[in-house]
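Please have the sequence and the structure at hand while reading.

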Amino acid sequence: MAESDNQPTRAPKPAGRGHNDRNDRSVANGQAPKATEAPQTSKPVTGKIGGIGKNGRVSAVKSAAKPAASKAGKAVTKPAAGKAAKAAAKTGRSGADGASKLKQEEEALLRADTFTNAPKVSRRTLTREEREALAKLKEAENKEAEKLASTAARGRIGRWWARLQSGPDKVTLGMAIVALGVVYGDIGTSPLYTAQTFLSGQGGLGNADREAVLGMLSLVFWSITLITTVKYVLIAMRIDNNGEGGIFALYSLIRRYGAWLAIPAMVGGAAFLADSVLTPAVSISSAVEGLQTLPPLEQVFDENPSLTLMITVVIIVILFAVQSRGTESIGRVFGSIVLIWFSFLAIVGLVNLSNDWTVFAALNPVYGIKFLFSPHNEAGIALMGTVFLSTTGAEALYSDMGHVGRGNIYFTWPFIKVALVCNYFGQGAWILANSRNPEFNTMKTLNPFFQMMDPNVRYLAVVLSVTAGVIASQALITGAFTMVSEATRLNWMPHLQVRYPARTRGQLYIPVINGVLCVSTLLVLAIFKDSEHISAAYGLALTITMITTTVLLGVYLWHNGRRLGAVLFIVLFLAIQTMFFVASMAKFLHGGWFTCLLTIAILFVMVTWDQGTKLERAQRRHMQPQDFLPALDKLHGDFRIPYFADNIVYLTSDSETKRLDTDIFFSIFADHPKRARAWWAVSVETTDEPFTREYSVENFGTSYIYRVRMRLGFKVSQSIPAYIHQIMHDLSKTGELPKQKSLYPKVDADPDIGTIRYVLIHKALMPESKVSAWGALSLQVKYTIRHVAGSPVKWFGLAPYNPLVEVQPLFVSTRRPPRLKRIGVADVRGAGAAGARVAAEPTRAKIDPAAVPDPLDTTSGLGRLVHAPEATVPSGKSSAKTAK
C-alpha cells in the first residue's frame with residue numbers, strides 16, 4: 001500500500017460525487033483521469049434511462065442527435081452564410097434539448113428512490129406517546145411533591161414520611177401491588193408442601209406428637225425470621241448496586257477486595273439460575289396435581305394419568321409467552337391475586353388457631369433446637385431440608401429488588417410474614433387436633449394444608465394454589481432476567497438483546513433467556529414427569545446460592561468497618577445454611593444430581609466466557625490519532641484504489657471517542673484496502689433514562705474519519721441505520737462532512753448521502769497462538785455461544801443492508817514455528833543420474849516462474865524492477881536441454 005516515489009502528481013480530489021463528475025467515476029472504474037475534457041451538453045449519451053410512464057414502467061429517451069452523414073447531405077445545396085446560421089441555431093436547439101433530457105434523466109433516477117420506504121428520523125426528538133408519557137410522569141411527580149409538602153407541614157411524622165418518599169425507600173401503592181405479584185410468589189407456595197413433607201419424614205400423622213409439632217413450628221418460624229427477615233430484608237437489601245439486588249450486584253460492589261470473590265459469585269449465580277429452571281416445574285406441577293384431590297375430578301385424572309403433565313405444560317408455555325409484556329403489567333394482575341392468596345392463608349390459619357392458641361409456644365427457639373437433636377426426630381438432620389422449604393423465595397426477593405424498589409418490599413413484607421406464620425401455626429394446630437384421628441392415619445398421602453379446610457372451601461384453595469404456583473414461577477423468571485443482566489455487565493455472559501417493556505429500566509425482558517428457561521423447564525418435566533420426583537432436586541441449588549451470598553455479604557460488612565458484625569453474621573448464617581445444605585444433599589441420588597449438573601453447566605458457560613473475554617482483551621489495542629491518521633490520509637487520497645463504499649460504518653463496543661480500535665484500522669487495510677469517502681466508528685450506549693437520544697462526534701480535524709458515540713434511552717428503539725443517516729445529514733449541513741451525491745438509486749432512498757456499508761468484526765484464534773488448552777477451549781466455547789445467542793446485526797436492524805461480517809485473527813502471543821528447509825529436486829525424485837544432473841544445475845534454474853513480477857503490472861510499482869526476465873527464467877529450449 002506504500003506509494004511509489006515515481007508516481008505522477010495527482011489533481012485534488014473532487015468534493016462530491018455528482019452526475020457530471022466524470023473524472024471521479026473514471027477513477028472508480030479503474031481508469032486514469034483525463035487532463036482536460038470538453039463539456040458535452042449538445043449531444044446527450046444515447047440509451048440512458050428516461051422518465052417514468054403512467055403505467056410505472058421506465059421508458060427510454062431517444063437520442064437528440066441525428067446521423068452525421070444525413071445532416072451533411074442536406075446541407076450541400078445551401079449558401080455558406082445560411083448554413084452557418086442554421087448550424088448555429090441547430091446547435092443551440094440541440095444543446096437545450098440535451099440539457100433538458102439530461103435533467104429528466106437525473107429526475108428519473110432520483111424519482112426511483114420513492115419506490116422504497118426506508119426508515120427516516122423525525123424532526124422531533126420525542127414521539128407523541130413519549131411526550132404523553134413524560135407529561136404524565138411529570139404530573140405525577142408534581143402531585144407527589146405537593147402531597148409531600150402538605151404532609152411535611154403536619155409535624156415530625158410528616159417530615160419523616162417526606163424524607164422517606166424522596167429517597168430509595170420510596171413507597172407507592174401501585175408498585176407495592178406489583179411487588180406482591182413479582183417478589184412473593186415463590187415463598188407464598190411454601191405452605192402447600194412444607195407440613196406435608198414434615199409428616200412424611202416423621203412416618204405419618206400418628207407420630208406427630210406435641211413435641212414434634214412445636215419443634216417443627218419453632219424451626220420454621222426462626223428460619224423465616226433469621227434467613228428471610230434478618231439476612232435478606234434487613235441486611236442484604238440495604239446493600240444495593242444502583243438499586244439493583246442479587247448476588248451479581250453484590251459482587252460488583254466488593255470485587256476490588258480480591259479476585260477470589262469471583263468464585264462464590266459465579267457458583268451462587270449459576271445455582272440461582274438452575275433453581276430458576278426447577279421452580280416453575282415444581283411449583284406449577286404440584287399445584288396442578290392438587291386438582292386430583294377434588295372428588296368430581298378424581299375419576300378423570302385416574303383414567304388419564306398424563307393429564308396433569310399436559311395441563312402443566314400448557315400453563316408453563318403461556319407463562320413464558322406473556323413475559324414480553326413486562327413484569328409491571330404481569331405484576332399488577334398477579335399482585336391482586338397474591339393479595340387475595342395471602343389473605344386467604346391468614347384467614348384459614350386463624351380459623352384453625354382458634355381451637356388451640358397454645359401452639360404459639362413454639363415462638364420459643366428452645367423447642368426447635370431440642371427437637372432437632374431429639375431421638376423422637378425420625379428424620380434426623382434431614383429435618384432441616386424440610387424446614388428450608390419455608391424459606392424458598394428469599395433469594396428471589398433480593399434479586400427482584402430492582403424491579404419493584406426496596407421501599408415497596410419493606411412496606412409489604414410484614415403482611416406477608418404474618419400471613420405465613422398464621423398459616424403454618426394453623427396447620428400445626430390442626431395436626432395436634434387430629435393426630436389420633438384414625439380416618440387420617442390410614443390416608444396414603446396427607447396434606448394438612450387442604451385437609452384443615454372445609455370441603456367447600458377446598459375448591460377455592462385449589463384454584464388459588466394453581467395461580468400461586470404460576471406466580472411463584474414468575475418470581476424466579478424475573479429474578480433470572482436480573483441475574484443475567486448483571487452477569488452481562490460483568491462480562492460473564494454474552495451481550496444479549498434486552499427489552500424494557502415497562503416504564504422503569506428494572507423491568508426488563510431478555511428474549512433469549514426467556515426461551516432457554518422455557519425449553520429447560522419443559523425438559524425437566526419430560527425427565528421427572530411429576531412434582532414428587534422434581535421436588536427431590538428442588539432446593540439444593542438454592543442452598544448453594546444462600547451460602548455464597550452469606551460469604552459475599554460478610555466480606556462487604558468486613559470492609560465497611562463492621563468487622564465484629566461481619567464475623568457474627570458469617571458464623572451464624574453459615575452454620576444454619578450448612579445444615580440446610582447437608583440435609584438437601586440427602587436428595588442427591590433422588591434428583592439432586594440434576595440440579596448439580598445444571599449448575600455446573602451454567603457455571604461452565606460463565607467461566608469460559610470470562611476467560612475468553614480476558615484473552616481477547618489481552619490482545620486488544622487502541623491507536624492514537626498520530627498513529628492512524630497518516631495511513632488513513634494516504635489511503636483516502638489514493639486514486640488508484642476504487643471506492644469500496646462512500647461510507648464504511650464499523651460498530652464497536654469502545655465508547656472512548658479519542659482513539660481507534662486496531663481491529664477497525666486493520667480491517668480497513670486488510671487484503672484489498674477499503675477506500676471510502678468517510679470511515680465511521682460507532683458505539684451505542686444505553687442510558688438509565690427512558691427516552692434519551694443524543695450523539696457526539698469526533699473527526700480528529702479531518703473530513704474522512706468520524707468517531708460517533710450514541711446515547712439511547714432504554715426505551716428507545718436502536719434503529720442504527722436511520723440515526724446514521726441523520727448524523728451524516730447534520731454533518732453535511734455544517735460542512736464537517738463533504739457533500740455526497742448518489743449517482744444511482746439506493747435501497748435507503750437517500751440520494752444526498754453516498755452508499756453505506758456496515759462492517760462487524762469477529763475474532764478467531766490462530767493455530768500459532770500461544771495459549772493454553774483451557775484458554776483455547778474458552779475462546780471456542782465463547783464464539784459458539786455468541787453464534788447461538790444472536791448478533792448485533794439483528795439487534796441494530798442492519799440485516800436488510802447486507803452488512804459485512806469479518807473475521808480477524810486473534811494472536812494473543814504467538815510461538816514461532818520452525819523454519820522450512822529447502823530441498824533440491826533430487827531429494828524429491830530420489831537418487832539417480834538424472835536426479836544428480838538436475839541437482840547440479842544452477843540454483844536460478846529452479847526459480848518458480850510464477851514468482852517473477854509481471855512487467856505489465858504498473859500499479860504495484862514492481863515493473864521497473866524487472867529488467868531481463870529471460871535471464872532469470874530459462875527459456876523453453878534451455879529447459880528442454882536441461883531435462884535431457
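Six strands form an open sheet in the order S7-S8-S6-S4-S9-S10, with mixed pairing. Helices (H or I, at least four residues) and strands (E, at least two) are DSSP runs, numbered from the N terminus, and two strands pair if DSSP finds at least two bridges between them. The model is predicted: local features need pLDDT of at least 70, side-chain atom pairs count only at pLDDT 80 or more, and totals for chains, interfaces and linings use all residues. Residues are numbered from 1 along each chain as its sequence is written, and side-chain values use heavy atoms, with hydrogens and water left out.

- S7 is joined to strand S8 (residues 705-713) by six bridges, and the two run antiparallel.
- Opposite Glu 694 stands Arg 711 in S8.

**Strand S4 and its partners**

- Eight of the nine residues of S4 are buried, so the strand is mostly covered; buried means under 20% relative accessible area, exposed over 50%, and partly exposed in between (1.4 Å probe, protein chains only).
- S4 and S6 run parallel and are joined by seven bridges.
- Tyr 650 has Ala 681 in S6 standing opposite.
- S4 also pairs with S9 in the parallel sense, over four bridges.
- The bridge partner of Asn 647 in S9 is Ile 756.

**Helices across the sheet**

- Helix H30 (residues 720-734) lies across strand S4 (643-651), strand S6 (675-687), S7, S8 and strand S9 (756-765); contact here means heavy atoms within 4.5 Å.
- H30 runs at about 125 degrees to S8; axes are lines fitted to C-alpha atoms, for helices over the stretch in contact, and angles run from 0 to 180 degrees between N-to-C directions.
- Helix H31 (residues 773-789) lies across S9 and S10, at about 145 degrees to S9.

**Helices H28 and H29**

- The axes of helix H28 (residues 625-636) and helix H29 (residues 662-669) come within 11 Å and cross at roughly 25 degrees.
- H28 and H29 are therefore roughly parallel to each other (angles under 35 degrees count as roughly parallel, over 145 as roughly antiparallel, 65 to 115 as roughly perpendicular and the rest as oblique).
- Phe 628, Ala 631, Leu 632 and Leu 635 in H28 make contact with Phe 665, Ile 668 and Phe 669 in H29.
- By class, the contact of H28 with H29 has seven nonpolar, no polar and no charged residues; Ala, Val, Leu, Ile, Met, Phe, Trp, Tyr, Cys and Pro count as nonpolar, Asp, Glu, Lys and Arg as charged, and the others, Gly among them, as polar.

**Helices H9 and H15**

- Helix H9 (residues 210-235) and helix H15 (residues 365-372) have axes that come within 7 Å and cross at roughly 115 degrees.
- Among the residues making the contact are Leu 214, Leu 219 and Trp 222 of H9 and Tyr 367, Ile 369 and Phe 371 of H15.
- The contact of H9 with H15 has nine nonpolar, three polar and one charged residues by class.

**Whole chain**

- The chain has 36 helices and 10 strands.
- Of its 884 residues, 45% count as buried.
- Residues 24 or more positions apart account for 81% of the contacts in the chain with a separation of 6 or more.
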